[in-house]
Amino acid sequence: MAAPAPAFARAPQAAIAPNTAPASRLARIPFVSLAILALLSAVFAGEVHFALGIGPGMALDHRSLVTVGGVDRDLVLGAGEWWRLFTAPLLHGSLTHIIGNGVVFLLVGWLLEPLIGRGWYAATFVFGALGGALASMLLNPANLVSVGASGGLMALLSATFVCSFHDAAAAISKRLRIVSLRLLIPSLLPALISTGGNVDYNAHIGGALTGVAIGFILMIVWEEGDERPAFGGVVGVIAGAMLAASTAMFLLVAQNFGAHAANDPGLIPDSALPQTVDQAIAQSADLAARYPNDPRARFFRAMHFLDVHDIPDVQAQLQVALARMKATQSELPPQFEPDIRVMLAVTLAAQRRPTEAKAAVAGACNADDPSLAKPLAYLKNAGVCP
C-alpha cells in the first residue's frame, strides 16, 4: 500500500479548496438577467417621462406607446419604421406589466442562466424577443400596437423545458420542467381559446417557438459530459451587439417622436376615461363636447340615450361613432368597432329594420367578446345574424 502523501504535499490543495465555493456561488448569480432587467427598468422610466398620456398604474395610452416605439404592422410595413421590431421588446405598457415580467425573468434567469451560460442565455432572450415582435406584427390586426419583453421570456421558458432533458441538467431536471410548464401553459393556452384582453398572445407564441428552436440547437451543440453548450462566447457577442443596437434604435424613436406626437386625433386621454358604465353615461355629454372626434365619446352618449329610451338619438350617435372609427381606428383597440356595430344593429333591429341591421353589424356577428353574448343572441333570434 502506498504511503500517504506528506503533509507538505497536501497543503496546497487544502489552501486552494476554500476559494472554490465563493467562485461557484458567484458563477450562479444571473448577471445577464440582472443587467437586462436594469435596462428594461431604465427604458420604462423613460417611457413614463415622455408619455403623452398616463392612466392608473402608470399605464401608457395607445398614442404614447406609438410615440415611444411600439410595434404594429401599419407602422413597420406601411411607414417603413422597421426599427420598432427592436425597440418594442424593451418597452412595457404599465408598471404591473414590467413588474410581472421582471419577476418571471429573475425566476427563469436563476435557473437557466447558470445552466447554459451567459452567452446562450442572452442570445435566447434577444432572438426570442425578436421572434415575438415579428409574430405580433404579422398576426395581430394591422393597427394594434404591441410592447413588452414577453417574447423573450417565452423563449427562455421554452428553452428551459427543452434543456431539462440534457444530462447536464439531470440534478434539477424536474424543477426546470415544473417551473417552465407552470409559466408557459397559462401564457399560451388562452391564445388557443380566445384573443381578448390586453395580452399579446401572438408575441407569446412567436417567442415560445423561437425558444424551442434555440433549445434544440443547444441540445445539438451541447456534448455529453460538457458543463455548458459550445459557442457560448460567440453567440454572447452577437446577442450583446444586437441588444446594444436595439438600445441605439431609440435614437430613431427620438427622431420620429415629434411627428407622431403631433398626430393628435383628439381622443379621450386614458386618464380621463370613465371606469364604470354609470360614469360613462353621466359624463357622456361633457366627453362628447370636449372630444367630438372620439368614437368612444359618441358610444357613451348613445348609452345615455338608450338609458332614457331615446332610440333615434341612440342610432344617430352610433352612426357618428362608426364613421369616426374610420379616421381613428389606428389609435383605438380594434375590438371596439364590433361593440359599436352590434349595438347599432340591435337598435335598427328593434325598429324592425333588419336589412339595415344586417348592413350595420357586418362581420361583428362572429365577435369573440363575452359582453356581446346577449345582444348577439338577440340578433340571431331576429334573423340579423346567422
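At what angle do the axes of helix 8 and helix 11 cross, and within what distance do they come?

## Helix 8 against helix 11

This is a predicted model. The axes of helix 8 (residues 118-139) and helix 11 (residues 201-221) cross at roughly 145°. They come within 7 Å. The crossing is right-handed.

## Helix 12: span and faces

Helix 12 covers residues 232-248, 17 residues in total. From first C-alpha to last, helix 12 reaches 24 Å, close to the 24 Å expected at 1.5 Å a residue.

Which residues of helix 12 are buried? They are Val 235, Ala 239, Met 242, Leu 243 and Ser 246. These residues lie on the same side of helix 12 because they cover an arc of only 100° around the axis. An α-helix has 3.6 residues a turn, so residues three or four places apart point the same way.

The face turned away from the buried side carries Gly 233, Val 234 and Val 237, which are exposed. The buried residues of helix 12 pack against helix 3 (31-50), helix 6 (84-87), helix 8 and helix 13 (250-262).

## The whole chain

The chain has 19 helices and 2 strands. Of its 386 residues, 46% are buried. Among contacts between residues at least 6 apart in sequence, 70% join residues at least 24 apart.

Key:
Residues are numbered from 1 along each chain as its sequence is written. This is a predicted model: local features need pLDDT of at least 70, side-chain atom pairs count only at pLDDT 80 or more; totals for chains, interfaces and linings use all residues. Side-chain values use heavy atoms; hydrogens and water are left out. Axes are lines fitted to C-alpha atoms, for helices over the stretch in contact, and angles run from 0 to 180 degrees between N-to-C directions. Helices (H or I, at least four residues) and strands (E, at least two) are DSSP runs, numbered from the N terminus. A crossing is left-handed if the near helix is turned anticlockwise from the far one by less than a right angle, and right-handed if clockwise. The expected span of a helix is 1.5 Å times one less than its number of residues. Buried means under 20% relative accessible area, exposed over 50%, partly exposed in between (1.4 Å probe, protein chains only). The arc is that of the directions from the helix axis to the C-beta atoms. Contact means heavy atoms within 4.5 Å.
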